Amino acid sequence: MSASGKKHGCRWRRDWVLFWLSCLLVNSSDETPFENCTRNSSSPSVARESFFNYKTSVVENEYIVVFNGYYTTSARDGYVMSALALSSDNSWKIIPRHNPASDYPSDFSLVKLKGDTSSGVDSLKRHPKVRSVTPQKRVERFLKSIEVKEDELKKESERDADADCAEQDVGCWSQVWSARRTTRSSLALSHSLIQSQLRHNPGRRILRSVPRQIVHVLQADVLWSMGHTGDGVKVAIFDTGLPKNHPHFRKVMDRTNWTEEKTLDDGLGHGTFVAGVVASSRECLGFAPDAELHIFRVFTNSQVSYTSWFLDAFNYAILKKVSVLNLSIGGPDFMDQPFVDKVWELTANGVVMVSAIGNDGPLYGTLNNPADQMDVIGVGGINFEDHIARFSSRGMTTWELPGGYGRVKPDVVTYGSGVRGSSLKGGCRSLSGTSVASPVVAGAVSLLLSAVKHRGNSVNPASVKQALMASARRLPGFNIFEQGQGKLDLIKAYQILSNYKPQASLSPAYIDLTECPYMWPYCTQPLYYGGMPTIVNITILNGMGVTGQIEGKPTWHPYLPQNGDYIQVEFSYSSVLWPWSGYLAVVITPAKKAESWEGIAQGHVSLTVISPPQESDIEPRRSTIKLPVRVKIIPTPPRSKRLLWDQFHNLRYPSGYFPRDNLKMRNDPLDWNGDHIHTNFKDMYMHLRNAGYFVEVLGAPFTCFDATKYNTLLLVDSEEEYFAEEVTKLREDVEERGLSVIVVGDWFNVPVMRKIKFYDENTRQWWMPDTGGVNVPAINSLLSHWNMAFSDQVYEGEFTIGDNKVLYSSGTSIASFPNDGLVIKEKLNHQGNEVVTGETKAEEDVAILGLYQVPGPQSGRIVLYGDSNCLDNAHMEKDCFWLLDLLIDFTANRVLSPVLKDLSSGPPKHSESVPERMDGNHLHKYSKVLDATQLGAIETVPLPDCPKQAWSKPEPLNITAPENLHKQRWLLSVNLDQLPVIVPRHVQRVAPYPDVADSDPDELPAVNMSVLSTLPMYVVFFSTLIVVYCAVLSCRAHRKPRAKKHKPKPQRMTVTRTKLPYV
């Protein structure tokens, strides 16, 4: 071989060594190590990215008729027939349901009405045996997998995949939107999300390895070594099914199909993975390998499901007396009443329900149902760095808005990034999402139940949830709406359940408005006299029985030595605790004596929960609970620093179709985050707090606040109508009491609203928006006294104000404004024209911002801005908090920025038209202002009374309490530090079955990773470098051409320098 040939051959061998080495180092798949490696290194790297899209709808003319009890099929049919016999609609049909529950009594029927359905629905509702009539709902999931080149990944991460509709044809606006689900859907993510969320944890650190066995991380083998493996526990998996005779499972007791497809198998793999995390006995081990699996196939291979399928399957689960039910699914519709009621019924029958909270993080207010219900264990996700996963949804719950305040969720968090579970055809795979975290908890619960079977009925859905929350380990640096009570601790939960005594508990177990960051957002703003009361919603868990109540009333005990008499407390609470739970709303405000005082006030709330006698009890069960309270009080701030956020006029999904404010975000068009300063306006709130402003929330009409206390009222993204009394009150507040108003609008255009309606090809059902981004006609009526109005045009684009770039996303323009006001105009794209006609055109002199000093010595100021997307975290591309600072400086201090003053360009164009309300909208169905009985007319209900606080009579105590409530308070009346140590934290690895080898024997039980634990990795790495170095030396030696043989000539000896080879 020539020297050249040897040279290239050696280079070939070296390249292959490096190539295969790189594959070994970076490939993390559990399949063949080299299956994704290609020889052609010049071709661009290609990855496959998977994601879910959703299409949801209400099924046309199909209704779920819920009865007051369980009846046979013939009895239910008779009730429907008698109800519809009096209806003018004679065309109807009872839809038969062919599934395993058909042979048993049921509490609902599925009825299809034809023609005008209103008469038939009314007739059904009037029947004495009928409890409710609701539309049947349908959800489709689309799992897409696309090839993405490496150089495109970065570009794709910087923009929304569906953001730019302008480059497509006009049909992209009128097609079926890939809408955010309105019913249940899977909550799994592609593996690529693991890396994306890790980028949000900057800084150098020792990385923890991704474990091969999640069960070892949470020390399930500790309980295995004690002989507990889930035996005797029935676990229901509601998902996509399970293949027959899968090698990972030993006790598949039942596989049922609730879909219209004639198969029991899993065609997608999601259900198999979830079942594997719970109960796999081979390779990727599950927590409870001896648990009895009951597989419920509720999604088709096309990923379609209906509410009625779930209701039948839930009834069957009750009949089968399952112990644990995992739901790795969810949706924002907590007003899907048949579904919510059935979940309550399940837990009331002793089923421990575990559900994923959703993958809509890091946005707040994105909890999914049923995980947001009090009786369900709602699970969030973390990664193996013990950081909250970016995808994991955050609290608070939005059921209580706009008048109250949300509850704390999730309940606990656990690993949900890169978890290994069973693959469809055997072997293992990794998935991420809260649908992964949910079966981790469900498997842990199954294992726990098998370990405490001797405790009998004292172990129930409430006590299990109490134990998980009381034993959870708090993660530092994350707040309560991110982590709930903290990270799952399986061993401590076992210790608590083993020593559990039936009792009631509270979550959170204390109120400390000074503890940051855990008690965010409560800890971000101190209390002061005259401010809107602070509401903290507490969940009551009743481990004594499925039903109970609060005996008497809760009592407030101020601690006199710790200034407890400086605050007043009021309560509202559940009249009945069912099932297993209820709420306690604690309303706190400083007393008059604290008007000029600063300090910390402490005390506690006491309440007694009673439940009916259980088992051998004679007397009712009682449990007295203490809720420590600690707040910081400051003197009342000056008026110039106080802002009032209008929450009362914000509406959200469910159940009306309130569209997103940014029309380009077609993959998530529903406005469902509550529009609260602690949900999707969180960053704006924190910016205002950091700027020194105090932000209060108005959950009542304008007639219920004292305008002399506030400098500015913020009306942002309002969808609600206004009472006539509110219009009058606001005018008086501005002109006579010096109140200023900042109104931030969004688009409202009837042709656009008709264009973006939902349409389902299969059900032929249209779903029309109830408003635009905001209710511009209502806002214009509110501002008409000052000759101000927004237009019906929709604009988007970029411009600069001073040195700041501004993004305008589906905003509106100002149609009219006082001539002596300041108006700023910009050149923008006419997005409304693009949506309706498909033509893109630019508009000059679009009025976007107006500032006005109302005439009068005591009058306030009014500001109009046409787009809220730069304040809203939901789809924020670039914030405009700096602009908000300038506007508040104008309204609060009468300071007009030179930057804004120099841009003033005269009144708006006269060609801008104002919108009218859309005919046939259904806003009256969801409005707190409109009269639902007055169809086609804007008629309001009577103005409601303002909330009146009935402060609890205090019972002072001359005692003190520790300042650190967290260290001194436990969720249950059990001191965790005094519990006996059941087992050591580190134990000999024990496989669940003697004949199954542990595929990961050297994995540490705990995730804490020291430098020593990485030593083998470094040894392998440096050894590989030495091998490569030697290979290169060998190549260089062989590459040197051999000299021809000849007789040496005598010559003088010389000293030569030899170059050492290098790499």
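**View A. Helices α2 and α3 are oblique to each other.** (Oblique covers the angles left over once those under 35 degrees are called roughly parallel, over 145 roughly antiparallel and 65 to 115 roughly perpendicular.) Welcome to a predicted model, in which local features need pLDDT of at least 70 and side-chain atom pairs count only at pLDDT 80 or more, while totals for chains, interfaces and linings use all residues. Residues are numbered from 1 along each chain as its sequence is written, and side-chain values use heavy atoms, leaving out hydrogens and water. Helix α2 spans residues 73–84 and helix α3 residues 118–126; helices (H or I, at least four residues) and strands (E, at least two) are DSSP runs, numbered from the N terminus. Their axes lie 8 Å apart, and the helices pack at an angle of about 120 degrees. (Axes are lines fitted to C-alpha atoms, for helices over the stretch in contact; angles run from 0 to 180 degrees between N-to-C directions.) The crossing of α2 past α3 is right-handed, meaning that the near helix is turned clockwise from the far one by less than a right angle. V80, A83 and L84 of α2 meet G120, S123 and L124 of α3, where contact means heavy atoms within 4.5 Å. This contact has four nonpolar, two polar and no charged residues. (Ala, Val, Leu, Ile, Met, Phe, Trp, Tyr, Cys and Pro count as nonpolar, Asp, Glu, Lys and Arg as charged, and the others, Gly among them, as polar.)

**View B. Helices α13 and α15 cross at roughly 130 degrees.** Look for α13 at residues 461–471 and α15 at residues 490–498, with axes that come within 8 Å. That angle makes α13 oblique to α15, and their crossing is right-handed. On the α13 side the contact is made by S463, V464, A467, L468, A470 and S471, and on the α15 side by K492, A493, I496 and L497. Seven of these residues are nonpolar, two polar and one charged.

**View C. A disulfide joins C284 and C428.** The whole structure holds four disulfides, each a pair of cysteine sulfur atoms within 2.5 Å. In this one the sulfur atoms are 2.3 Å apart. The torsion about its S-S bond is about -100 degrees, so the disulfide is left-handed. C284 sits in the loop between α9 (270–279) and β8 (292–297), and C428 in strand β16 (residues 428–431), so the pair ties together parts that are 144 residues apart in sequence.

**View D. Four strands make an open sheet of mixed pairing.** Follow the order β18-β24-β23-β20; strands pair if DSSP finds at least two bridges between them. Strands β23 (residues 599–611) and β24 (residues 621–633) run antiparallel, joined by 13 bridges.

**View E. Nine strands form an open, mixed sheet.** The order is β26-β25-β27-β28-β37-β36-β35-β32-β33. Edge strands β26 (694–698) and β33 (804–811) have a single partner strand each, so one side of each lacks a neighbour in the sheet. From one strand to the next, the twist averages 25 degrees. Five bridges link β36 (residues 842–853) and β37 (residues 861–865) in the antiparallel sense, and Y852 stands opposite I862 in β37. Helix α21 (residues 881–893) packs on the sheet, and the strands it touches include β25 (642–646), β27 (712–716) and β28 (740–744). The direction of α21 makes about 160 degrees with that of β37.
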